[in-house]
Structure formats: structure tokens, C-alpha cells
Amino acid sequence: MTLIGTWWAWVSFGILLVILELIVPSYFFLGFGIGAVMTGILMLLGVSLSLQNLVLTFAVLSFVSWIAVKRIFRHPRTEVKTFDHDINDN
């Protein structure tokens, strides 16, 4: 069995991506980290997949979790404040 076919490699990769998200706060790596951890958990539960299906599962889970993270941590939709006058105007 190759390294990509072991559950602990996926979980380790996911944790590494989550740590990378802490260094580069952009909510980009968090979704992929969650997807990798979920792929590793699926493998730990006994789901046996070929390499192509394993990568496809990772891609789908990562995309879904990335969308969820974007929705959870998005900025609230507020109005932009505009000012008609300056405090230095008389």
C-alpha cells in the first residue's frame, strides 16, 4: 500500500493544511485541510477506494468544506458608510 493510500497520511496532510491556515489567514487552506481529514477518517472507517476515487473524494469533500467555511466566516453584508461633509469644512 502506498503512502497516499493510508489514512494517517491524509489526516497528517489535513492537519498540516490547517496549521498553514493559521500562518496564512485566508480561509483558503482550511477547506482543503478539512477535506483531507475527512478523507482520512473515511479510510479509517474502512472505505476502500482506488487512487482515482480517493483523489476525487478528497476534491469533492474539500470543495464542499471550502464553500461551507466561506459561508460561515464571510463578512456580514453591511452598508458602506459615506460622508457628505468633512470635519474640516466650515
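This is a predicted model: local features need pLDDT of at least 70, side-chain atom pairs count only at pLDDT 80 or more; totals for chains, interfaces and linings use all residues.

Which residues form one aromatic cluster here?

Guide: Happy to! Trp10, Phe13 and Phe58 form one aromatic cluster. Residues are numbered from 1 along each chain as its sequence is written, and side-chain values use heavy atoms, with hydrogens and water left out.

Let us begin with the rings. A pair of aromatic rings is described by the distance of the centres and the angle of the planes. Rings of Phe, Tyr and Trp (for Trp, its six-membered ring) count as a pair if their centres lie within 6.5 Å; planes under 30 degrees apart are called stacked, those over 60 edge-to-face, and the rest tilted. The structure holds four such pairs. One of them joins Trp10 and Phe58, whose centres are 5.1 Å apart with 45 degrees between the planes, a tilted arrangement. This pair links distant parts of the chain: Trp10 belongs to helix H1 (residues 7-23) and Phe58 to helix H3 (residues 51-72), 48 residues apart. Helices here are DSSP runs of H or I with at least four residues, strands are runs of E with at least two, and both are numbered from the N terminus.

How covered are these two partners? Buried means under 20% relative accessible area, exposed means over 50%, and partly exposed lies in between, using a 1.4 Å probe and protein chains only. Trp10 is buried at a relative accessible area of 7%, and Phe58 also counts as buried, at 16%.

Further along H3 sits Ser65, which is buried with a relative accessible area of 8%. Contact means heavy atoms within 4.5 Å. Leaving aside neighbours within four places in sequence, Ser65 is in contact with Gly31, Ile34, Gly35 and Met38. Of these, Ile34 is 31 residues away along the chain, yet its C-alpha atom is separated from that of Ser65 by 6.6 Å.

Phe73 is partly exposed, with a relative accessible area of 42%. Not counting residues up to four places away in sequence, Phe73 touches Tyr27 and Leu30. Tyr27 is 46 residues from Phe73 in sequence, but their C-alpha atoms are 8.1 Å apart. As for the loop between H1 and helix H2 (29-44), Val24 is found there, and Val24 counts as partly exposed at 37% relative accessibility.

Now let us step back to the whole chain. The protein chain has three helices and zero strands, running α-α-α from the N terminus on. Its radius of gyration is 20 Å, well over the 12 Å that the globule rule gives for 90 residues, so the chain is more spread out than a compact globule. That radius is taken over C-alpha atoms, and the rule is 2.2 Å times the number of residues to the power 0.38. Along the principal axes, the C-alpha atoms fill a box of roughly 75 × 20 × 20 Å. Of the 90 residues, 24% count as buried. Finally, among contacts between residues at least 6 apart in sequence, 59% join residues at least 24 apart, and the link from Trp10 in H1 to Phe58 in H3 spans distant parts of the chain too.
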